[in-house]
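User: I would like to go through the terms applied to this structure and see what each one rests on.

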Amino acid sequence: MKKLVSILVAGALVSMLGIAHAAPTKAVTVFTDPAGDADNGQGTGQSIPAGFDLLSGTVARDGANLVFTITEADMPPNGALPEGFRLMWHFGIGGKEYRFTAKSADIGKPDPLSGPNGTDRIGQVWLDGVFRLENWVEGATVAVLSTPTYNTLGYLDGAFDPAAKTITVKVPMKLIKAKPGQVVAGGTGAAASTSCQICWVPQYAERSLTPQTIIDYATMNTTYKIPK
């Protein structure tokens with residue numbers, strides 16, 4: 001009986017330590033953007049739907065994940081705009097370039113331009129949002145939403161929250177080989193070099209040229225050092 005009690009106590013302590021380790025750290029605001037500047041003043045005359053006006057973004061560590069949170073002036077309900085618009089956030093860490101993309105719904109249409117990754121979503125339906133992590137292979141010459149120079153690393157946990165007007169994306173640290181003490185900075189390659197480091201774009205057949213079609217964009221003006 002004493003042995004059983006000892007095992008239970010040890011298990012409880014391990015559980016408590018696990019919970020403590022998984023507790024998220026304080027979020028750091030890494031970018032801000034003025035309200036009301038969606039459409040980037042391009043003078044296209046197009047009516048831009050509500051939900052694409054960036055306000056701010058934060059990064060925090062939650063256990064083995066980095067949590068990116070974007071706050072917007074307004075946003076449409078979940079699934080209201082499938083396939084039509086996508087958020088991109090380019091960032092760099094450890095000398096490597098990555099980006100995640102997010103959209104409110106996805107019908108599983110494959111990307112014909114993404115080379116070997118073009119069939120990775122056939123037959124899947126994601127109605128609660130889809131979040132994809134990619135890395136950029138140096139040598140891209142055209143800043144498009146998806147090209148063979150982007151490799152899909154995996155699909156991420158995330159959420160669109162219309163009530164809070166936020167989009168949250170969890171990036172596992174192991175997918176980007178991130179370690180405590182490293183710094184997450186704004187990306188500089190590919191679309192990030194065309195005023196699309198953090199941006200909303202419309203997508204057409206999984207493709208969106210930048211900067212011609214940027215609805216709203218922002219730039220990381222603060223880096224994030226991963227805490228222990």
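Analyst: Two strands pair if DSSP finds at least two bridges between them. The strands themselves, like the helices, are DSSP runs numbered from the N terminus, with at least two residues (E) for a strand and at least four (H or I) for a helix. The model is predicted: local features need pLDDT of at least 70, side-chain atom pairs count only at pLDDT 80 or more, and totals for chains, interfaces and linings use all residues. Residues are numbered from 1 along each chain as its sequence is written, and side-chain values use heavy atoms, with hydrogens and water left out.

User: What makes β3 and β9 a pair?

Analyst: Seven bridges join β3 to β9, against a requirement of at least two. The two strands run antiparallel, and Val67 stands opposite Lys170 in β9.

User: How do you know which strands β5 pairs with?

Analyst: β5 pairs with β4 over seven bridges in the antiparallel sense, and with β6 over six bridges, also antiparallel. Leu87 stands opposite Ala102 in β5, while Lys103 stands opposite Val130 in β6. β4 and β5 form a hairpin with two residues between them, and Gly94 in the turn has a positive phi of about 60°.

User: Why is β5 called largely enclosed?

Analyst: Buried means under 20% relative accessible area, exposed over 50%, and partly exposed in between (1.4 Å probe, protein chains only). Seven of the eight residues of β5 are buried, so β5 is largely enclosed by the rest of the structure. In the chain, buried residues make up 43% of the 228 residues.

User: What makes a group of residues a nonpolar core?

Analyst: The members are buried Ala, Val, Leu, Ile, Met, Phe, Trp, Tyr and Cys residues joined through side-chain atoms within 4.5 Å. The largest such core has 35 residues, of which Phe68, Trp89, Phe91, Phe100, Ile167, Ile176 and Trp200 touch the most other members. Strands that each supply at least two residues include β1 (28-32), β3 (65-72), β5 (96-103) and β11 (198-202). β4 gives the most, with five residues. Another core, of six residues, lies apart from it, with Met88, Ala191, Cys196 and Val201 among them.

User: What is Ile167 in contact with beyond its neighbours within four places in sequence?

Analyst: Contact means heavy atoms within 4.5 Å. Among the residues that Ile167 meets in this way are Phe68, Leu87, Phe131, Phe160 and Trp200. Across the chain, 67% of contacts between residues at least 6 apart in sequence join residues at least 24 apart.

User: Why are Cys196 and Cys199 called a disulfide?

Analyst: The rule asks for a pair of cysteine sulfur atoms within 2.5 Å. The sulfur atoms of Cys196 and Cys199 are 1.8 Å apart, and the two form a disulfide. By this rule the count comes to one disulfide.

User: Are these two cysteines buried or exposed?

Analyst: Cys196 is at 0% relative accessibility and therefore counts as buried. Cys199 is buried too, with a relative accessible area of 0%.
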